[in-house]
Amino acid sequence: MLRCILKVCVWLSVAVMVAACSKPNTPQDVAAAFWQAMADNDVSDVVDYSTLIDAKEFDRFERDWADVVPSFGRVVIDNADATIVTRLPTENGGINERREVITYLVERNGQWLVDYGRTGDAIMNPSPLSNLMGQLSEISDRITASFTSSSDDMQQRLNEMARELEAYSTDMSRRTEETVNEFGRMLQGAMAELEQSMNRALEENRQAPQSDRRTLEQAAKVLETSGENLAEPTLQTLAEASRTLAQTGQRFAELSGDTFEQHREAWAATLEDIRARSEQFFRNLQQSREPG
């Protein structure tokens, strides 16, 4: 009898160990498991993989998630916090129509958990920048191969800008206003410089294919308009400017032949400079939000 009890105890111990080892623990795996539980309407697993404590408070984010299969994008881990760009089918959209939201995670006692409240709020009360995030990601997929690796980093940063602006938009204070204004002026100047360079290239290459000339003319006009909107920068106009820059990079990639090749290298360098300054902007913005 004792031997049987010992065998059962050993078996249970092994089972617990296997279960512990198999439980997802990276932010990506936990997010995937959480959204699978949402699709299955499995309240127990939702509680296991998130900060939700009381199963009675499970509200499904006021949506039916049956058969919903999300896809995931960028993962940003900052100490005990993480965010994952999550692409979800729209509730009433077409079969290929998706919206981007952020799955927020926190690490507690060595285990990553989806922040149920914050993730739900991002879904039920989306920021005006939510659609912009999706547009930037789509542009990113088509432009990344067009420039050097440093410019790839630039493009990634521009695409992350909308997400970060959204995160800051919930608790912006007067202490950050000057930082935003400074960045807006920098961005406005850089866009004006890029526009002028494109206009010079058009002037110097009058024999370029008409399709290329139209592409650059349209891009320059959009840059001018977006730059004018930065006269009094807001989070929205900064995000729109980042989208414009990403779209401008896409237009560079659409140019045919070698007519503007030399100029494209200079334009890529300008975009890289904007990326570097953007990094400094976010560092300054973070510092302005810290107490004291």
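F252 is buried, and so is W267, where buried means under 20% relative accessible area with a 1.4 Å probe and protein chains only. These two residues open a short tour of a predicted model, in which local features need pLDDT of at least 70, side-chain atom pairs count only at pLDDT 80 or more, and totals for chains, interfaces and linings use all residues. Residues are numbered from 1 along each chain as its sequence is written, and side-chain values use heavy atoms, leaving out hydrogens and water.

**Aromatic pairs**

- Across the whole structure, a search finds eight aromatic pairs; rings of Phe, Tyr and Trp (its six-membered ring) pair if their centres lie within 6.5 Å, and planes under 30 degrees apart count as stacked, over 60 as edge-to-face and the rest as tilted.
- One of them is the edge-to-face pair of F34 and W35, with 5.3 Å centre to centre and 80° between the planes.
- F34 counts as buried because its relative accessibility is 0%, and W35 is buried too, at a relative accessible area of 2%.
- F252 and W267 make a stacked pair, at 4.6 Å centre to centre and with 20° between the planes.
- This pair links distant parts of the chain, 15 residues apart: F252 belongs to helix α9 (residues 235–254) and W267 to helix α10 (residues 261–289).

**A ring cluster and a charge**

- Ring pairs join F34, W35, F58, F61, W65 and Y116 into a cluster.
- R63 lies over the face of W65, 4.4 Å from the ring centre; a charge sits over a ring if NZ of Lys or CZ of Arg is within 6 Å of the ring centre and within 35 degrees of the ring normal.

**The sheet**

- Four strands form an open sheet in the order β1-β2-β3-β4, with antiparallel pairing; strands pair if DSSP finds at least two bridges between them.
- Its edge strands, β1 (71–78) and β4 (111–114), each pair on one side only.
- On average, neighbouring strands here are turned by 25° against each other, direction ignored.
- Strand β3 (residues 98–108) pairs with β4 in the antiparallel sense over four bridges, and L105 stands opposite V114 in β4.

**Helices across the sheet**

- Helix α2 (residues 27–40) lies across β1, β2 (81–89), β3 and β4, at about 40° to β4.
- Helix α4 (residues 116–124) lies across β2, β3 and β4, and runs at about 165° to β3.
- For these angles, axes are lines fitted to C-alpha atoms, for helices over the stretch in contact, and the values run from 0 to 180 degrees between N-to-C directions; contact means heavy atoms within 4.5 Å.
- Helices (H or I, at least four residues) and strands (E, at least two) are DSSP runs, numbered from the N terminus.

Methods: Buried means under 20% relative accessible area, exposed over 50%, partly exposed in between (1.4 Å probe, protein chains only).
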